[in-house]
Amino acid sequence: MKPAARSEGASRREFLKMLGGGLLVVLVSRDALASPALGARLTEGPAPGRPQMPENVSAWLHIDQNGDVTVFTGKVEFGQGIRTSLAQEVAEELRVPMSSIRLVMGDTLLTPFDMGTFGSRSTPQMGTQLRKVAATARERLVALAAERWHVDAGRLTTADGRVTDPQTHKSARYGDLTAGRTITADVKDDVALTPAAHWTIAGTSAPRVGARDLVTGRHQYTSDMRVPDMLYAKILRPESIGATLAPLDSSAAESMPGVAVTRDGDFVGVTAPSPVVAAKALGALRATWTPAPGPSPSSRDIYDYLRRTPAPEAGPGHEGGPTEPFERGNAAGALASARHRLTQSYTVAYIAHVPLEPRAALAQYAHGRDGDRLTVWTGTQRPFAVRDQVAQAVGMPNDRVRVIVPDTGSGYGGKHTGEAAVEAARLAKRLGKPVKLVWTREEEFRWAYFRPAGVIDVDAGVDADGAITAWTFDNYNSGPAAIRPPYPIANQRVTFHPSVSPLRQGSYRALAATANHFARESHVSELAHMVDMDPVAFRLKNIDDPRLHDVVQKAADTFGWPGTNHQPGHGIGVACGFEKGGYVATCAEVSVDRGSGDVRIVRAVTAFDCGAIVNPDGLRNQISGALVQGVGGALFEAIDFDHGVIRNAHLADYRVPRFSDAPAIDVVLVDRPDEPSMGAGEAPIMALAPAVAAAIFEATGVRLRSLPMAPSGIKLAAASGAGSS
Amino acid sequence: MRIDIDVNGHRHSVDVDPSQTLLEVLRDELGLTGTKYGCGEGRCGACTVLVGAHAVASCTIPAQSAAGPPITTIEGLERDGRLHPVQQAFLDEQAFQCAYCTPGMVMASVALLRANAQPSREDIAHALETNVCRCGTYPRIAAAVRRAAAAGGGETPR
Ligand code: FES
Ligand code: FES
């Protein structure tokens with residue numbers, strides 16, 4: 001354990017004082033969870049006026065004299081249900097009812113530093129940490145009781161927020177044990193955790209915490225917040241991406257009552273006492289824009305462009321996997337000598353996250369005796385990164401800026417950044433008043449970032465009995481997540497080639513795992529077809545990981561693979577994979593209308609294994625939702641752009657999955673109480689598209705190798721010749 | 001101009017701008033933020049309210065034309081602290097993730113069940129086709145509507 005600096009002990013005591021005494025248990029991190037700038041962070045003082053925990057602490061928990069438990073975590077709730085699942089894990093280890101636990105989440109002043117809520121890391125990392133914290137708290141409470149009763153701690157039991165001595169029948173509430181005292185404890189790394197097989201609260205389908213407020217409309221998202229004297233903002237947007245502002249005539253806007261126009265370089269924001277006036281003022285700005293110089297590819301030639309335009313290094317959207325090439329054996333030689341060989345290219349389009357709650361922020365600036373302070377409420381998956389981003393944009397030290405994340409209207413990897421927060425903060429600081437900014441849907445389409453577009457070339461060889469012997473995989477710009485095959489192929493070369501992206505790109509649910517699985521699993525299905533093997537059997541033959549084997553088998557069994565007598569125009573397909581600790585296999589059935597070429601995903605069965613399951617119902621909800629969302633990327637979502645302009649920046653033109661697009665879904669949960677719990681918000685999305693591609697082939701004989709596959713149906717007549725591979 | 005609108009059984013006299021939508025009046029003037037903005041173009045249903053018995057996208061209704069018929073928002077469904085059967089069914093089915101679509105989904109479902117007490121799967125999909133759940137919880141929402149229908153779906157009339 002890191003030696004606790006004296007100031008750390010001091011600020012812990014102050015923090016406890018603020019919390020009103022009780023038991024405070026902290027987990028000091030000393031691993032990669034801490035940011036690279038950890039050293040620097042430790043030297044930063046606490047925010048003025050408020051004690052703050054040192055930033056090498058990654059989780060903490062407090063029990064007050066009423067036995068109420070407050071858990072502090074930098075994670076945020078975006079609909080994935082971690083406010084609930086983390087509370088379950090704490091309740092389990094602490095032996096208290098869920099109702100006595102409150103989670104303070106995503107508040108840069110109150111919660112420990114956190115990298116962000118992404119990459120399905122909340123459950124494996126934060127969940128495990130909080131379990132350790134809670135288990136330590138329980139040990140400490142037992143020790144307190146043992147001390148008080150002069151008995152051996154080993155004979156005491158804990159349940160329902162009490163420590164009990166079964167021999168004397170003495171019993172004390174947690175709150176009574178800590179009352180009037182301030183106790184801190186550090187977490188021992190080897191503290192004993194309750195095995196999943198013995199869970200009684202974790203592992204159950206606890207309903208979502210705070211759910212009543214969700215069905216009554218009472219929950220306040222950032223976009224719902226109001227404070228007195230608040231101004232409403234609108235931001236002037238360029239005509240095209242990268243355009244620069246030439247002259248601006250803001251006189252008409254500025255003559256409107258209560259309107260202020262703030263200009264700082266190309267940043268122009270208007271504020272007004274009401275949203276109507278703000279919108280009118282924005283409309284009254286007369287701006288001229290000079291388009292960005294240089295090449296401007298469009299969605300028509302993007303794939304050539306990405307191949308031709310390498311970036312010197314990986315950038316945004318390229319997270320979550322190895323960026324260096326991977327080689328094993330001799331891929332070129334094995335390809336040349338393979339019995340069967342198949343080479344194909346696959347493409348994936350830029351797509352938008354379309355979080356139903358667009359970006360929003362409320363920024364409040366205060367200038368007090370002890371200096372200035374800025375508080376920003378915003379829905380971001382990375383509150384600490386956005387705090388730093390805001391601080392830099394407004395020229396304030398990080399510790400003067402506080403970012404608070406109310407439970408947010410979804411993100412799917414699309415809200416890692418703090419655009420609205422920065423914009424609102426700039427205006428709030430300039431004007432000295434609270435400023436709220438809610439992006440329009442159109443702004444969200446034009447000025448957020450996209451899932452990267454990419455091209456993937458796959459070349460593979462198979463031997464006479466259906467074993468894949470050679471594999472090369474070249475991914476241009478999609479990203480490296482899940483880029484390596486889960487099959488133990490002896491000869492491989494897997495390379496990620498970052499490209500210069502003409503559009504802003506970034507993270508998306510499961511990152512590039514969807515693109516890489518689409519290419520890989522489509523290719524595997526083509527290989528199976530080429531060697532005339534059943535695609536499930538072909539996969540089972542080539543898989544050596546028993547957990548992957550299991551999900552494929554379970555999905556196939558539940559689906560009734562391969563079945564007989566498919567209706568005319570129907571086809572079935574399968575795909576599988578492994579990412580972020582989750583094993584997934586999906587079987588899908590599609591129907592293709594012979595006349596119109598319309599594709600419908602009729603049903604999908606997904607088997608998923610992410611270790612010990614913390615909340616089965618929440619997990620089903622995530623898996624099913626990922627499949628429905630995956631329908632869009634598989635069949636029809638794509639950003640259409642030309643000369644730096646997004647041409648389908650409205651829901652009328654950008655099609656998202658709707659009610660009738662949702663297939664009948666069957667989720668098979670594979671619980672592994674003996675394995676660590678992993679996240680589940682992402683991986684279940686990635687096997688759908690390749691399963692659907694294979695199913696479309698079976699139904700029509702057409703191979704579709706571009707996502708989205710059927711934005712306006714399949715052209716059966718034209719494509720059938722080319723498709724019979 | 002000043003208009004009188006009837007929201008959740010209360011009359012409000014509000015000064016509205018000709019450019020303002022009913023959604024903006026509900027959220028910004030009356031503080032009824034349960035009704036959400038999702039697109040402003042009538043394509044997502046997050047802003048669904050009842051005008052009379054009909055579910056409408058309040059972002060497409062000019063505020064001026066909303067004067068007159070009774071308007072019901074998500075805030076107007078509870079009775080004496082008791083959830084409306086549709087709200088209860090959404091809760092029972094856990095038919096949400098981020099829940100940003102939920103108020104609109106609930107209102108559209110209430111309108112559906114008033115018009116059709118025993119909707120088929122197709123009826124449900126058809127009635128909710130303009131409501132987007134980006135988290136993809138449609139199957140649960142459909143289950144919630146069926147559950148509410150089975151529970152009598154209806155409601156105690158106002
Ligand atoms: S906000 Fe009205 S339909 Fe989307
Ligand atoms: S629950 Fe998130 S949009 Fe429906």
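User: Why is B:V14 called buried?

Analyst: B:V14 has a relative accessibility of 8%. Buried means under 20% relative accessible area, exposed over 50% and partly exposed in between, with a 1.4 Å probe and protein chains only, so B:V14 counts as buried. This is a predicted model in which local features need pLDDT of at least 70 and side-chain atom pairs count only at pLDDT 80 or more, while totals for chains, interfaces and linings use all residues. Residues are numbered from 1 along each chain as its sequence is written, chains are lettered from A and ligands numbered from 1 in the order in which they are written, and side-chain values use heavy atoms, leaving out hydrogens and water.

User: What does B:V14 touch beyond four places in sequence?

Analyst: Contact means heavy atoms within 4.5 Å. On that criterion, B:V14 touches B:M1, B:R2, B:I3, B:I5, B:V25, B:E29 and B:L30.

User: In which strand does B:V14 lie, and what is its part in the pairing with B:I3?

Analyst: B:V14 belongs to strand β2 of chain B, residues 10-15. Strands (E, at least two residues) and helices (H or I, at least four) are DSSP runs numbered from the N terminus. B:V14 is the bridge partner of B:I3. Two strands pair if DSSP finds at least two bridges between them; β1(B), residues 2-7, has 6 bridges to β2(B), and the two run antiparallel.

User: What makes β2 an edge strand in chain B?

Analyst: The open sheet of 5 strands has the order β2-β1-β5-β3-β4 in chain B, with mixed pairing. Both β2 and β4 (54-57) are edge strands, as each pairs on one side only. From one strand to the next, the twist averages 40 degrees. Helix α1 (residues 22-29) of chain B packs on this sheet, touching β1, β2, β3 (48-51) and β5 (70-72), and its direction makes about 105 degrees with that of β3(B). Axes are lines fitted to C-alpha atoms, for helices over the stretch in contact, and angles run from 0 to 180 degrees between N-to-C directions.

User: How do you know that A:K436 has no salt bridge?

Analyst: A salt bridge is a side-chain nitrogen of Lys or Arg within 4 Å of a carboxyl oxygen of Asp or Glu. For the buried A:K436, the nearest side chain of opposite charge is B:D28, 5.9 Å away. Lys and Arg count as positive and Asp and Glu as negative, with His and the chain ends not counted.

User: Which backbone oxygen lies 2.9 Å from a polar atom of the side chain of A:K436?

Analyst: That atom belongs to A:M225. The lysine itself lies in strand β19 (residues 435-438) of chain A.

User: Is A:L511 buried or exposed?

Analyst: A:L511 counts as buried, because its relative accessibility is 10%. A:L511 also has a positive phi, about 50 degrees, although it is not a glycine. Its place is the loop between β22 (491-497) and α14 of chain A.

User: What is omega for the cis peptide bond joining A:W561 and A:P562?

Analyst: For this cis bond, omega is about -10 degrees. A:P562 is found in the loop between α16 (546-559) and β23 (570-579) of chain A.

Terms used: A polar contact is a pair of N or O atoms within 3.5 Å; within protein, one must be able to donate a hydrogen and the other to accept it, and residues adjacent in sequence count only if both atoms are side-chain atoms.
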